[in-house]
Amino acid sequence: MKNTIATALALTMLTVSGMSVAAGTPQSKATVFTPPSEATIPDDEYGRTIRMGKNIFDDTQHYAKQYVGNSLNCVNCHLASGRKPDSAPLWGAYVRYPAYRTKNNKVNTLGQRIQGCFKFSMNGKAPAIDSPEMIALVTYAHWLSSGAPVGATLKGAGYPKLAKAAAAPDFIRGKTVYAENCQICHGVDGEGKIIDGKTVFPPLWGSTSFNWGAGMHRIDNAAAFIKANMPLSKGNTLTDQQAWDVATFVMSHERPQDPRFTGDVAQTKKEYHDEDCKYGDTVNGKVLGGSN
Amino acid sequence: MLKEHILKHILFTAMACIPLMAQADDVAQTIINQGNKQGAVACMACHGIDGGGNAAGGFPRLAGLNQTYITHQLQSFRSGKRNNPVMQPIAKALSDTEIEQLAAHYAAMPLPAIAPAGGDPALLRKGEAIATEGDWDHGIPACFQCHAANGAGIAPDFPAITGQSAAYITSQISAWKSGARANDPIGLMKSVAGKLSADQVKAVSTYLANQPLTIGNQK
């Protein structure tokens, strides 16, 4: 009883500041947050920087060309201009940095985290922390998280982890899932679709996709993203097993080399790939990461 | 000697092909103008001489649509996956070959001159937002993510959605909602249609009918 009242009170208080507490799910402690609408971007220098950040995010190929080494845009993995819950939205990210990352064994600021996505996900080079591009991206993320409590885990932040697959994830089954649910957009060879120089359907593997150091090459990350977001417009319709299988299939193809490559695949695997991934494994007679 | 032989061969093949191709196109043109005397009535009566359709009748434009897409639609009418009392008997009266020839013919036709339909500016702006950004709060991607910039289509599976009237676009979204049209790959368009509110359908179809026609990647 006391508890209910306390919850109700907390709820009311949180709702006042534009938030409420989600109930029921294991994430029940997570705060529900709604980012501000675009119409409220102020018409001043702060507002112009926000818009620049959004432009870079949606069309990285154009607005941050010099830092990009593949055909992707940030929005391809963080949907709806970085707003969509369960696709590692920017508002969810902003309030959880600085944070410790095992990837480099350090506390990282949001800017450093974004540098990581440029280097690996965009197979490019990292803009400096004080570059106009980085300032714009961080400002955009800051604005999207307006009103969210610093340090909170917001509901829909990150990609929602999937429970372990019932049956060991399988390349062959994944191939069938891919042919039936993904190929129509992402192509027979995962090459995606580019029209008039614009990426319409992003490439999932091959030389124009993200590299072997990107978060998405991890099967657990990819399965989580795919389950929640793919096929486009039909998120959460695949079974968990299908998501694990198709993620395994997609992430068992060749892609650009890990920028941390030491010159030797086995050694690079040992140093950097103690994770749920296929780097350095032999698939269909070829060592992944070994052909570039 | 050998060269001459090859030349003759090429010439012969070319000559043999031209009448064949012309014949196929003649067949298509005849059906379009007069029907096939097997129950398929003249397409032109509803879809227009230039294949531009008819907004008032809710008849879609066919000229310049993708060939594979047209074939797929005629087969869907035949199989009943696309349920429509007008087109089903017509499609059933067409042979596989006639379907192929008609699809090739319409796909090769020049884009018809269709004037933008206009509309209330506020409604057009609302429609533009759905077409170019979607409504992700309700799980709706931008229409142009699948139908390409300007709605010009992405061959072969995603048709052009410009050059169609608001009435036709609205009728198709309703058909997906009701299940009368169930022929779309992976149920992609069904899932989008199911999430659109009546207001959104009105806004987006008004916007699309006001867009200029472009070929894009539709061919």
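A:N284 lies in the loop between β7 (282-283) and β8 (286-287) of chain A; strands here are DSSP runs (E, at least two residues) and helices likewise (H or I, at least four), numbered from the N terminus. The model is predicted, with pLDDT of at least 70 required for local features and 80 or more for side-chain atom pairs, while totals for chains, interfaces and linings use all residues. Residues are numbered from 1 along each chain as its sequence is written, chains are lettered from A in the order written, and side-chain values use heavy atoms, without hydrogens and water.

Phi of A:N284 is near 50°, a positive value in a non-glycine residue. Most residues other than glycine have a negative phi, and most peptide bonds are trans. The bond from A:Y97 to A:P98 is cis, with omega near 0°. A:P98 sits in the loop between α5 (90-94) and β3 (99-101) of chain A. The bond from A:M230 to A:P231 is also cis, with omega near -10°. A:P231 belongs to the loop between α10 and α11 of chain A.

The axes of α10 (residues 219-229) and α11 (residues 240-250) of chain A come within 8 Å and cross at roughly 130°; axes are lines fitted to C-alpha atoms over the stretch in contact, with angles from 0 to 180 degrees between N-to-C directions.

Chain A places 16 residues in contact with 18 of chain B, contact meaning heavy atoms within 4.5 Å. About 1,400 Å² is buried between the two chains, 73% of it from carbon and sulfur atoms; buried area is the accessible area (1.4 Å probe) lost on being put together, summed over both parts.
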